Amino acid sequence: MSTETTASVSTHILDTSVGRPAEGVTISLSARSGSGAEWQALGGSATDADGRCKDLPALPEGTTHVRLDFETEAYFLTKQNKQAEAQQDAPANRDSGTTGAFFPEVAITFAVTPGEHYHVPLLLNPFGYSVYRGS
């Protein structure tokens with residue numbers, strides 16, 4: 001959790017193409033202390049069955065910017081293969097081309113203030129995404 005000198009971050013993903021949480025999406029967390037500073041990789045996790053990523057690493061003191069990198073391509077390829085198996089005559093790459101997703105990764109960068117918690121949900125589908133500051 002955040003303290004007076006650090007911020008904290010959480011996220012979840014909803015696959016809006018099916019109206020369900022996106023399970024198994026790998027997420028990496030990076031931080032920096034100022035616009036010109038180098039990004040520091042802090043680690044990552046993957047979404048659970050509820051689309052939530054509950055164990056992101058803590059942010060270091062002095063963090064001013066955070067970047068969440070969502071690896072969406074593997075999720076859509078897995079989903080696509082399951083759909084193709086369920087419908088034997090449906091081509092595996094019919095809707096999204098050969099890569100499985102138009103956006104194979106999504107990087108979200110945002111500013112943080114010490115003492116605040118930032119919940120940043122990702123609404124995802126094969127051809128678009130939206131993010132917002134949640135609660």
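A residue is called buried when its relative accessible area is under 20%, exposed when that area is over 50%, and partly exposed in between, using a 1.4 Å probe and counting protein chains only. By that rule Asp 69, with a relative accessible area of 16%, is buried. The model described here is predicted, so local features need a pLDDT of at least 70 and side-chain atom pairs count only at pLDDT 80 or more, while totals for chains, interfaces and linings use all residues. Residues are numbered from 1 along each chain as its sequence is written, and side-chain values use heavy atoms, with hydrogens and water left out.

**Overall build**

- The chain has 1 helix and 10 strands, where helices (H or I, at least four residues) and strands (E, at least two) are DSSP runs numbered from the N terminus.
- Read from the N terminus on, the elements follow the order β-β-β-β-β-β-α-β-β-β-β.
- Of the 135 residues in the chain, 39% count as buried.
- Among the contacts (heavy atoms within 4.5 Å) in the chain with a separation of 6 or more, 65% come from residues 24 or more positions apart.

**The nonpolar core**

- A nonpolar core is a set of buried Ala, Val, Leu, Ile, Met, Phe, Trp, Tyr and Cys residues joined through side-chain atoms within 4.5 Å, and the largest one here has 25 residues, with Ile 13, Leu 68, Phe 70 and Phe 110 having the most contacts inside it.
- The elements that give two or more residues to this core are strand E1 (8-15), E3, strand E6 (65-71), helix H1 (72-86), E7 and strand E9 (122-125).

- The structure holds 3 salt bridges, each defined as a side-chain nitrogen of Lys or Arg within 4 Å of a carboxyl oxygen of Asp or Glu.
- Asp 48 and Lys 54 meet through their side chains in a salt bridge of 3.9 Å, N to O; Asp 48 is partly exposed at 25% relative accessibility, whereas Lys 54 is exposed, with a relative accessible area of 65%.
- The buried Asp 69 forms a salt bridge with Arg 67, their closest N and O atoms being 3.2 Å apart, and Arg 67 is partly exposed, with a relative accessible area of 22%.
- A further salt bridge joins the side chains of Glu 116 and Arg 133 (3.2 Å, N to O).
- Glu 116 lies in the loop between strand E7 (105-111) and strand E8 (117-119), and Arg 133 in the segment after strand E10 (128-131), so this pair ties together parts that are 17 residues apart in sequence.
- At 36% relative accessibility, Glu 116 counts as partly exposed.

- Ser 30 lies in strand E3 (residues 26-32) and is buried, with a relative accessible area of 6%.
- Not counting residues up to four places away in sequence, Ser 30 touches Trp 39, Gln 40, Ala 41, Leu 42, His 65, Val 66 and Arg 67.
- Arg 52 belongs to strand E5 (residues 52-53), and its relative accessibility of 35% makes Arg 52 partly exposed.
- Apart from residues up to four places away in sequence, Arg 52 touches Thr 11, His 12, Ala 46, Thr 47 and His 119.
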